[in-house]
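User: I've got the model open and want to know what stands behind the labels. Can you take me through them?
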Amino acid sequence: MSNTNIPDLRTLLASRRGGSTRRGARGPPGPPGSSQSGRGAAADDAVRNTDQDAAGSRVSCVELGYLNDPYAKLFATQPSTRRLPLLNRGSYVRTSAIDLLIDRFMSTAPGEPKQIVSLGAGTDTRFFRLQDKYPPAELVYHEIDFPLNTAAKLAAIQRHPQLFTKLPDKAASLTTGATSYSSSSYNVHALDLRSMADSTVEAAPPLPNLNPAIPTLILSEMCLIYLQASTVSSILSKFLTTYIPAPTPVSLILYEPILPNDAFGKVMTSNLASRNIQLPTLSVYPELGDQRARLKQYGFVDGARAADTEWLWRKWVSEEEKERVAGLEMLDELEELELLLRHYCIAWGWRDGGQGVFSKAWGELHDSAEQS
Amino acid sequence: MSIGGSDLDKAIAQLRACRPIPENQVRELCYKARELLIEEGNVVGVDAPVTICGDIHGQFHDLMELFRVGGDVPDTNYLFMGDFVDRGFYSLESFLLLLCLKVRYPDRITLIRGNHESRQITTVYGFYDECVRKYGSANVWRYCCDVFDFLALGALVTGAATSLSPTEGPLAENAEAMPDIDADIEIETLNSAGEVMFRYARNSDSQTSESSQTLGSSPARPDPTPTRVGAAGTGASGSSNGTSRNEGGAVLCVHGGLSPLIDTIDKIRLLDRKQEVPHEGAMCDLLWSDPDDIDGWGLSPRGAGFLFGGDIVKRFNHNNDISLIARAHQLVMEGFKEMFDNTIVTVWSAPNYCYRCGNVAAILELGEDGSNAGFQRRSNGDRGGGGGGWVLGSNDGTSTRNSTDNLRLPEGPGRRYRVFEAAPQDSRGMPAKKPVADYFL
Ligand SMILES: C[S@@+](CC[C@H](N)C(=O)[O-])C[C@H]1O[C@@H](n2cnc3c(N)ncnc32)[C@H](O)[C@@H]1O
């Protein structure tokens, strides 16, 4: 986000900061727009800004032909910089593996309504891409992020007809500087996820339009990794018991780093720390086995799978597609690529009584433990 | 102005401080270097002792660490196997320093070409951008690329001792049981403090038990991670005097590896190298290929060069009287990795590659044979009689896999690996503005 944007956004937010943001914030209220002071606020800013990194990586992939995403550029605030081939390859695997899981979900039991909740959605374009692919009536989409990020996202939607025409009311209800938006298909919630974990608050923060009765896929693409493990447990428990109580089918997809304890992992942890980015759950769930176990612990008892992105590239990407992608750029750094890809994973788990939509969609899709 | 004599020393001093030299000096330097390199054959002859280094990739401060560990130029005789530029923040300073040293001490440093010494690759992997950023134009990049075209494709090291005299240094804390000091020492691994981490003797019991494993990534080998204490390591010269035996074959150094179009070293000599690295063909293969656990040749996932198996290496070494191929090109977490019964080694000299990978680096020292005098360079027939030739693979239970296991290969040189870590963070002066997207966020 460019510096010139920040001040006026904050001013706008100051008047708007309502009950839904920063509930149960730690410490005394800070200056307008940042309810926390000192190190915490700086760390939050660093985490919020990771989103523009993700956006830039997406744009680089799109421009080079790795990904087909006409919306990525519309959300990026920084001029696009070409990423190194190995980073493009990694972003490609990340996006296409998650897309594959979501596509299987969407195309199982067609015609039945479905719901997706994207935690720390940032500038993710998935809602808009899904609108182009599936009949709009079938999907209710929710995004949660910090107000500064949701405001920037909604502002971008308002600016671009390609985006606002995808909304049921063509964004008519969107006001300048809005941090939240709701409609029958697309919902943006300005919220610190940590407020959901606050046990002193009786009721969970409201998520307007969240339907407790339709199959729901929760997505954390590089989001929950920035929170404490206990906070993550509480958030997911809120979802599995309060927001989407049983027996509604519910699932979780995680994309995040693993293997913090080898040489590469140690350098990763310290490099990110020097950018004020902490990854608290990384050391708690260091390996794929830990990822599967945590999914079960959260309550995703009918399936709990995980694979690193190196494996996913080899097993989930068709030979034809591999050839196409390999032809996009000369990729010299093969050993490094393998190292990098082995340090990120996708984990997916579900609760649907063993016969619901997720079992049908994903039951046959094996992970690296079942099939190597 | 011309660069020579004291100007050259000034430029070296400036570059050692990691400050670029003015554009006109670069032009002059590159011109001089080209005049020098044009005289070199495609395969440069190098006499042991020599210290062989792998990829540097613009990690200037780690190059300084390499010189600290391996000794300075001209005290130590160096051979760099390419990939000086790209990826790191200081490709320019690193390459120009090496080039200055080459012009200043042409007999003490050999530079051969890596696949990154190419116009096309440097525009993707950073060297081009770095030149434009530091000089405001692409001129310096162009001068450097013109030098790249003249770099040799390989080097042939002759006169290397077949065994090391053991380093009289302290043992590293985690060193394993060492063979008898009187034994014929084939391999030694030292940390950056000059402490011995690992040593083994040719044909000894430890040899037998280790020979089927891959050195450099063998779990039986002690952890190569060095501790940072003590004085600088000594250079290759002097510290690794060999015994008087002289049965070893030569060591071929090349950035990538072999080519299906090249079955003799003479065929490398016949190539027309003074051009941009082509997309295919022998010259491309030499700079791009990788050894792999396959039989014969395979397609490379890099999109250039080939994969080649142990049978290819053994046959090539046998036919060319080579005892060892030293190559770089592939990141190795332990700094070096021997393969195919010690017939080929990968040497990697960029620690914590890209400031991200967490690997250690290594350099390979070959000592001088005591009786260097009568050594026949490029001899193809005589394989040094006297029953010395160690039959590679004979200890390997699965050795009937292919016929090359029965080839008698020249005895390998004694090899001293010095392993080192990245220069301390505070000495490297990371640019204030960190590069974007090191990781997936
Ligand atoms: C690296 S970005 C990923 C964005 C998007 N999911 C993607 O993959 O492109 C992380 C996002 O998580 C959001 N985030 C992190 N912690 C959060 C919290 N406590 N509450 C709400 N959002 C949070 C950040 O603001 C940021 O937008």
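User: What makes A:Thr231 part of a helix?

Analyst: A:Thr231 sits in α8 of chain A, residues 229–243. Helices here are DSSP runs of H or I with at least four residues, strands are E runs of at least two, and both are numbered from the N terminus. Keep in mind that this is a predicted model, where local features need pLDDT of at least 70, side-chain atom pairs count only at pLDDT 80 or more, and totals for chains, interfaces and linings use all residues. Residues are numbered from 1 along each chain as its sequence is written, chains are lettered from A and ligands numbered from 1 in the order written, and side-chain values use heavy atoms, with hydrogens and water left out.

User: Why is A:Thr231 called buried?

Analyst: Buried means under 20% relative accessible area, exposed means over 50%, and partly exposed is in between (1.4 Å probe, protein chains only). A:Thr231 has 16%, so it counts as buried. Setting aside neighbours within four places in sequence, A:Thr231 is in contact (heavy atoms within 4.5 Å) with A:Arg194 and A:Ala197.

User: What about B:His116, why is that one buried or exposed?

Analyst: B:His116 has 0% relative accessibility, so it is buried. It lies in the loop between β4 (109–111) and α5 (119–125) of chain B. Leaving out residues up to four places away in sequence, B:His116 touches residues including A:Asp332, B:His57 and B:Asp83.

User: How do you know which feature goes with B:His116?

Analyst: That comes from UniProt, where an unreviewed entry places "active site" at B:His116. UniProt positions are given in the numbering used here, feature names are shortened, and annotations may be inferred rather than shown by experiment.

User: What makes B:His57 stand out in its backbone?

Analyst: B:His57 has a positive phi of about 55 degrees although it is not a glycine. Most residues other than glycine have a negative phi, and most peptide bonds are trans. B:His57 is placed in the loop between β2 (50–53) and α3 of chain B, and at 1% relative accessible area it is buried.

User: And A:Asn209, why does it get its accessibility label?

Analyst: A:Asn209 has 43% relative accessibility, so it counts as partly exposed. This residue also has a positive phi, about 75 degrees, without being a glycine. A:Asn209 is found in the loop between β3 (186–190) and β4 (216–221) of chain A.

User: What makes a set of residues a nonpolar core?

Analyst: The members are buried Ala, Val, Leu, Ile, Met, Phe, Trp, Tyr and Cys residues joined through side-chain atoms within 4.5 Å. The largest such core has 82 residues, and A:Ile253 and A:Trp362 have the most contacts inside it. Helix α4 (residues 85–106) of chain A gives the largest share, 10 residues.

User: How do you know that A:Glu333 forms a salt bridge with B:Arg87?

Analyst: The rule asks for a side-chain nitrogen of Lys or Arg within 4 Å of a carboxyl oxygen of Asp or Glu. The closest N and O atoms of A:Glu333 and B:Arg87 are 3.5 Å apart, so the pair meets the cut-off of 4 Å. Between chain B and chain A the count is 6 salt bridges.
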